[in-house]
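Let me put the sequence and the model up on the screen before I start talking.

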Amino acid sequence: MWVHNCITVHLLEGSTKHRGDVLRTFQRGGVLLLSLEDCFSGLHLPFVGNVIFAHAIVGDAQQVQRLEAQAIARCKRQGQTRDRVNIYSFIVMDSEEWHLWKRTHT
């Protein structure tokens, strides 16, 4: 965990106990950084209001879509305390990745 511009940034890594401690601390506020490929399995995040994807879309577009859907499902589930969950993706406009994202997300 570190603080940047008054925002606490949490990194979900390490042992199961450490990850649990990070999630409990994150519930009080801040930003949680996760690797899309290996951090979402088994997570229950109904207190999250924003999901921001900043990963590169490379390889199998369908696999990326499945991973994104799983990540979103960890937040949009029973117990969600917010009326809505906002989903954002950072993608460089007019890049090959942007064209792929448009084909798979619109």
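I'll go through the salt bridges, then a strand-helix-strand unit, then one more helix.

Quick housekeeping: this is a predicted model, so local features need pLDDT of at least 70 and side-chain atom pairs count only at pLDDT 80 or more, while totals for chains, interfaces and linings use all residues. Residues are numbered from 1 along each chain as its sequence is written, and side-chain values use heavy atoms, with hydrogens and water left out.

So, salt bridges. The rule here is a side-chain nitrogen of Lys or Arg within 4 Å of a carboxyl oxygen of Asp or Glu. How many salt bridges does that rule give? The count is 2. One joins Lys-17 to Asp-21, at 3.0 Å from N to O. The other joins Asp-21 to Arg-24, at 2.6 Å, again N to O. Put together, Lys-17, Asp-21 and Arg-24 are linked in a network.

Where do they sit? Lys-17 and Asp-21 are in helix 1, 4 residues apart, which is about one helical turn. Asp-21 and Arg-24 are 3 residues apart in that helix, also about one turn. When I say helix, I mean a DSSP run of H or I with at least four residues; a strand is a run of E with at least two, and both are numbered from the N terminus.

Now accessibility: buried is under 20% relative accessible area, exposed is over 50%, and partly exposed is in between, with a 1.4 Å probe and protein chains only. Lys-17 is exposed at 59%. Asp-21 is partly exposed at 29%, and Arg-24 is partly exposed at 48%.

Zooming out, helix 1 covers residues 16-26 and forms a right-handed β-α-β unit with strand 2 and strand 3. Right-handed means that, with the strands pointing away from the viewer, the path from the first strand over the helix to the second runs clockwise. Strand 2 (7-11) and strand 3 (31-33) pair in the parallel sense over 3 bridges; pairing takes at least two DSSP bridges. Leu-11, for instance, has Leu-33 as its bridge partner.

Last one, helix 2, residues 61-73. Its buried residues are Ala-61, Val-64, Leu-67, Glu-68 and Ala-71. Looking down the axis, those buried residues fall within an arc of 125°, so they line one face of helix 2; the arc uses directions from the helix axis to the C-beta atoms. Among what covers them are strand 4 (50-53) and helix 3 (96-105), with contact meaning heavy atoms within 4.5 Å.
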